[in-house]
Amino acid sequence: MIFNTIMVQLDVDSPAAPRTTYALELARRFEATLIGFAAADAYVFVPGDDGGMAAAEIMRQRLTEIEDRLKILKEEFLAVVGDEASWREEIGDPTRLLAMHARAADLIVTGAPASGVAGDHHRVVDTGALVLSAGRPVLIAADGLAPLDPKKVVVAWKDSREARRAVIDALPFLTGAQDVLVATVEEQNQRDARESIGDVVRFLMRHGVKARSEVLGAGHADACETVTELARGMGAELVVAGGYGHSRVREWAFGGMTRSLLKQGSVNRLFSN
């Protein structure tokens with residue numbers, strides 16, 4: 001697994017430069033092509049038959065506003081990257097469109113949206129839904145957007161398809177790290193947990209990763225908090241985890257670990273599904 005192409009998602013209501021700079025540093029480190037992406041939806045819901053003309057006018061104004069913002073974002077993005085990247089933009093659901101464009105990249109980079117629009121999925125990406133639909137690893141940047149070259153990494157291990165996928169997808173980061181801790185919370189059988197995590201460590205070591213393991217007792221009720229504390233205690237810059245969830249009729253439902261880690265803005269998180 002290598003990162004030849006990295007796609008960075010930008011929010012229409014946030015400056016482009018901070019997240020662009022973060023992604024550009026990654027692209028330079030991996031000698032990867034960088035693609036900038038932004039989208040927003042001008043959708044307006046008006047109940048009943050009233051207000052059709054008013055709704056059409058509001059949509060026209062919103063569409064113009066979004067197009068103007070996309071133009072500004074593109075200019076800001078290109079001002080940072082110069083000739084080192086390309087640009088894509090769309091009008092429509094940003095999560096669905098980003099997941100579709102993910103076909104062009106090895107890694108998707110996103111982050112927390114501005115607080116004022118965090119819940120508006122017509123203008124910002126739903127990171128949880130993105131993890132489960134992109135078919136690519138998703139790197140959610142820490143809130144501070146400090147350049148990421150992780151020397152210490154925590155792998156939140158659970159013997160599942162999603163975690164196995166995450167380990168493979170994270171190899172470009174893991175092979176460059178000085179200390180990789182594979183941690184799992186004992187759920188039922190401690191022997192099975194140790195056998196499982198032992199296989200992962202041996203697999204990583206065969207790929208040149210400096211890996212070690214830790215099995216946490218079943219008494220750790222909040223697995224996410226435990227993993228976060230481990231990362232904080234060892235000074236880890238990155239947590240790698242499987243994105244566990246499933247699709248319901250109109251929403252994504254997540255396991256507790258995924259749901260909690262999605263909110264942990266103090267650390268960079270790489271999810272695969």
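Tutor: Phe30 is buried, at a relative accessible area of 18%. Buried means under 20% relative accessible area, exposed over 50%, and partly exposed in between, with a 1.4 Å probe and protein chains only. This is a predicted model: local features need pLDDT of at least 70, side-chain atom pairs count only at pLDDT 80 or more, and totals for chains, interfaces and linings use all residues. Residues are numbered from 1 along each chain as its sequence is written, and side-chain values use heavy atoms, leaving out hydrogens and water.

Student: OK, how many aromatic pairs are there in the whole structure?

Tutor: Four. Rings of Phe, Tyr and Trp (its six-membered ring) pair if their centres lie within 6.5 Å; planes under 30 degrees apart count as stacked, over 60 as edge-to-face and the rest as tilted. One of the pairs is Phe3 with Phe30, edge-to-face, at 5.1 Å centre to centre and 85° between the planes.

Student: What parts does that pair tie together?

Tutor: Phe3 lies in the segment before strand E1 (5-10) and Phe30 in helix H1 (residues 17-30), so the pair ties together parts 27 residues apart in sequence. Helices (H or I, at least four residues) and strands (E, at least two) are DSSP runs numbered from the N terminus.

Student: Is Phe3 buried or exposed?

Tutor: Buried, with a relative accessible area of 2%. Ring pairs also link Phe3, Phe30 and Phe173 into a cluster.

Student: Switching topic: why is E12 largely enclosed?

Tutor: Five of the five residues of strand E12 (residues 268-272) are buried, so the rest of the structure largely encloses it.

Student: And which residue is the bridge partner of Val138 in E12?

Tutor: Phe271. Strand E5 (residues 138-140) pairs with E12 in the antiparallel sense over three bridges; strands pair if DSSP finds at least two bridges between them.
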